[in-house]
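Thanks for coming. I will show one structure and then walk through what was computed from it.

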Amino acid sequence: MDEAPRPKPIGKLQEFLPQLLWLDYERLAAEDSKAAQTPKPLEIASYFKEKLSTDFRWWVYILGCVSAQLLCIAVTGDSLFGVLTGGVVESLRLGTSVTTMRHLLGGSMLWGLGALQFFGRRFRQGSLAWVHRLSGRLFLMVWLLVVGPTALYLSLIVSIGPQKAQFSTMALACILIDNTIWPYYYFWRAFLIIKRKAAGEESIKLHGQVMAAGFGMTTTLLLQRPLQMLVIAIRWLILSLASVLPSFLQDVLEVIGYRILDHHIILSATTILWGVMFFIAVDGPRTKWVQTILGFPPGSAQEIFGSYQPSIPESAFWRCRYPIYIALRAIVTSCFTSDPNPMPQDLDGS
């Protein structure tokens with residue numbers, strides 16, 4: 001009986017197969033390496049929530065700013081930037097002193113409760129979970145009734161300063177108002193997420209991310225403050241040099257110090273630098289690049305925003321909000337002809 005013929009290898013498959021597998025391995029390894037080297041989107045909400053919950057250095061800075069503010073009020077009777085600006089910016093010597101004090105004290109309490117919310121992990125579960133829930137409700141109440149309303153009011157009537165900087169302070173007012181509206185929106189949505197818990201444990205995680213986004217909005221000025229202080233220091237140096245230089249140079253430096261680097265212009269410019277991100281977010285928190293940067297989980301739009309697509313009124317508000325802010329600013333400044341928060345005569349901002 002003849003032996004059945006063995007199938008012949010197709011071409012040089014037996015020789016080529018190991019090379020093919022190796023080439024495929026190299027391709028996959030190259031793709032993995034490329035993916036590792038490709039920067040991932042900056043997921044601010046996830047990163048910020050993790051830092052707030054694990055890195056005490058964030059809280060050292062935040063609570064350090066709060067302590068410096070309260071200490072300055074106790075020692076001098078004025079806010080920190082009221083002292084630094086000669087009583088013309090965020091000062092307790094202005095007509096808005098009562099509102100400013102409420103805002104400063106409310107903000108200090110808000111960040112203290114925030115520290116307990118994010119850093120106090122032991123209070124989130126078990127027999128002490130009531131501490132997390134109670135402090136969370138107090139946090140929202142302080143924002144809703146004290147910090148948010150005072151922030152909106154002070155933002156709307158921010159002074160134009162001695163240089164009558166109507167345009168720059170209008171832009172400042174719009175950004176500060178927007179910077180207050182966004183936390184209101186995120187806190188409200190976070191409250192609804194944790195109340196409904198539509199996805200169980202995933203909803204709890206999402207609640208934390210949305211709360212971190214809102215809380216981050218309330219601390220944006222803390223990131224602006226060092227830049228503002230730097231420019232104030234430069235202004236002081238310029239004016240100090242002007243007093244010892246020849247008169248022709250003294251005139252130039254005084255123009256720079258008093259007119260170009262007016263304290264209200266400094267506040268406006270250093271705020272607009274980062275605040276422009278609010279302006280270009282046409283659809284507000286629903287803007288796609290905002291959701292990408294914040295790192296919200298894919299497919300979470302329904303739970304975060306209540307719908308995959310905004311309603312017509314919601315979309316209209318976010319897209320028309322800046323004309324609304326400008327119109328409100330025009331009302332309080334009598335069509336940009338007056339100062340809504342004039343300085344007392346004895347204050348020159350020196």
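I begin with a term. A patch is made of residues with over 30% relative accessible area and no salt bridge, with like charges joined within 9 Å and nonpolar side chains (Val, Leu, Ile, Met, Phe, Trp, Tyr) joined within 5 Å. A salt bridge here is a side-chain nitrogen of Lys or Arg within 4 Å of a carboxyl oxygen of Asp or Glu. Accessible areas come from the Shrake-Rupley method with a 1.4 Å probe, and for residues only the protein chains shown count as cover.

Two notes on the source. This is a predicted model, where local features need pLDDT of at least 70 and side-chain atom pairs count only at pLDDT 80 or more, while totals for chains, interfaces and linings use all residues. Residues are numbered from 1 along each chain as its sequence is written, and side-chain values use heavy atoms, with hydrogens and water left out.

Now the overall picture. The protein has 14 helices and 0 strands, where helices (H or I, at least four residues) and strands (E, at least two) are DSSP runs numbered from the N terminus. Of its 350 residues, 43% count as buried; buried means under 20% relative accessible area, exposed over 50%, and partly exposed in between (1.4 Å probe, protein chains only). The accessible surface comes to about 20,100 Å², and 68% of that belongs to carbon and sulfur atoms.

Back to the patch. Which residues make the nonpolar surface patch? They are Trp-236, Leu-237, Leu-241, Val-244, Leu-245, Phe-248 and Leu-249, and the patch covers about 720 Å². Helix H9 (220-242) and helix H10 (247-260) each supply at least two of its residues, and H9 gives the most, with 3. Leu-245 sits in the loop between H9 and H10. At 33% relative accessibility, Leu-245 counts as partly exposed.

Next, the rings. The whole structure holds 17 aromatic pairs. Rings of Phe, Tyr and Trp (its six-membered ring) pair if their centres lie within 6.5 Å; planes under 30 degrees apart count as stacked, over 60 as edge-to-face and the rest as tilted. Tyr-185 and Trp-318 have ring centres 5.5 Å apart and planes at 85°, so this pair is edge-to-face. Because Tyr-185 lies in helix H7 (residues 166-196) and Trp-318 in helix H14 (residues 312-332), the pair ties together parts 133 residues apart in sequence. Both Tyr-185 and Trp-318 are buried. Ring pairs also link them into a cluster whose members include Trp-182, Tyr-186, Trp-274 and Phe-278.

That is the tour; questions are welcome.
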